[in-house]
Amino acid sequence: MAKVLEFVYDIACPYAYLASRQVEDAARRCGATVNWLPILLGGLYEASNAPQGKAGSATDVMAKAKQQILARDLSMQAQHVGVPLVHNSKHPIRTVSALRLILSAAEGLRPVVTHELFKAYWVNNCDVSDEKQLQSIANKYNLQMDALNSDAIKLQLHTNTCMCARAVVQMRLAEMGAFGVPCFIVDGQFYWGQDRLFLAERALGRHDAKPRRNMRPPYNHRPHTLVYYHDFSSPWSFLAYQQVAGVAKETSAILICKPFLVGALFKSIGTPVEPLKALTSSKASHFRKDLNDWCDYLGVKLQWPSVFPILSVRTLRVALCNEEVMRTLYCAAWIENKEIAQKSVLYEVLTKAGFDGGALLEQAESKEIKELLRKHNDEVVLALGACGAPTFQILDPDGKQVALLWGQDRLNVVSDILCGWRPKSETEKGLSDPENRYPMARL
């Protein structure tokens, strides 16, 4: 049976543009074909009860610090993928007619028309809602503009959008539905985000598929420093901890682990202290699935804590007393389901692992340790402008910051930077958006 990779996208999404430049190669590596499914992202927002509404942007409801981190991340991801990305001064642009133009083409021609439209939007600063712009593309491929308003084309676009919004009926995972683009569907399994394309490849049978890497050792430079800001209450910090030592070893980087209280960070930047509870049902379901997908990829058996969120203040202070307890504490919280917020449980976990639990707990209450934890929190909030955990700061051999990244799913980029790859700043790239306001609408 032929393998199919379904690619769901809207021209107005910059991450969908990045995915469009990779999806055909991914399918080719797996011996699969791509089914191009253009959809109206606003329809997904409406169907999934997105808080930003049908016409809004996913970033409308995000804290400013998160908006800024994501804007820099978009720029960095484009460079990492190796495609040009220029802020469209007219963004966001209505894409209904552009999507209908794609659907008016024969299936074999849809990828080419899609690439033309993405280029017009995200490279050439064109208005893809303008009839003259669409007519020029239509003429190039002998498409009939009259077909855009046909009932058949309107129905097909509507059907594509509704299919994705209700993808739950095709999936074995309960309460799973699409809420944004780009996304990939393989045998009813749903993957969201251009950086999850490797997971779709694995689902297609390419079991050695990994996150994209541009550089590998050997390299010729002095060792850099990787600062890993983390909190035991974060499952993503737990997954990052499984990898970060290996990243540092592979790249000969100096690893510095800095515990901080992510709940305090959330309060300071105006993000819900329990982000999972603030998500729509479809996003919350996807959060769990995405976490499980990463656990499967990393070979980690995570058990969600019976008591969540984890009140990690005391645990973080213990880790500041002795960094060697980190593995024990992460395993206790996320594999053994131990309630490490309880002092008695924490003592038992530490003692069983061969540490002097009593001494560590006593030291954790010292003024010096409490002050050190406050210092780390000040660093992530005031100095770095971070938005969550884990956060990775990369310093060059002279102590100058090279990059700041958020999320364990960016460790592939962290590795490349430690190997010598350098993302250019917006000033260096000479883009027309000096304030680095990369468009995050239509995620």
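Visitor: Which residue takes a positive phi in the hairpin of E3 and E4?

Guide: That's Asp187, with a phi near 50 degrees. The hairpin has 2 residues between the strands. Strands here, like helices, are DSSP runs numbered from the N terminus (helices are H or I, at least four residues; strands are E, at least two). Before we go on: this is a predicted model, where local features need pLDDT of at least 70 and side-chain atom pairs count only at pLDDT 80 or more, while totals for chains, interfaces and linings use all residues. Residues are numbered from 1 along each chain as its sequence is written, and side-chain values use heavy atoms, with hydrogens and water left out.

Visitor: OK. How many bridges join E3 to E4, and which way do they run?

Guide: 4 bridges, and the two strands run antiparallel. Two strands count as paired if DSSP finds at least two bridges between them. Ile185 stands opposite Phe190 in E4.

Visitor: What about E1 and E3?

Guide: Strand E1 (residues 3-9) and strand E3 (residues 183-186) also run antiparallel, joined by 3 bridges. Val8 has Cys183 in E3 as its bridge partner.

Visitor: In what order do the strands sit in the sheet?

Guide: The order is E2-E1-E3-E4, an open sheet of 4 strands with mixed pairing. At the edges are E2 (32-38) and E4 (189-192), each pairing on one side only. From one strand to the next, the twist averages 25 degrees; axes are lines fitted to C-alpha atoms (for helices over the stretch in contact), with angles from 0 to 180 degrees between N-to-C directions.

Visitor: Switching topic: where is Val113?

Guide: Val113 is in helix H6 (residues 110-122). Val113 is buried, with a relative accessible area of 0%.

Visitor: What is Val113 in contact with?

Guide: Leaving aside neighbours within four places in sequence, Val113 is in contact with Leu101, Ile102, Ala105, Ile137, Tyr141 and Leu143. Contact means heavy atoms within 4.5 Å.

Visitor: Last one: what does the protein average in pLDDT?

Guide: The average is 90, and 92% of the residues score at least 70; pLDDT is the predictor's confidence in each residue, from 0 to 100. Over residues 167-176, though, the pLDDT is below 50. Residues 430-443 stay under 50 too.

Key: Buried < 20%, exposed > 50% of the residue type's maximum accessible area, 1.4 Å probe, protein only.
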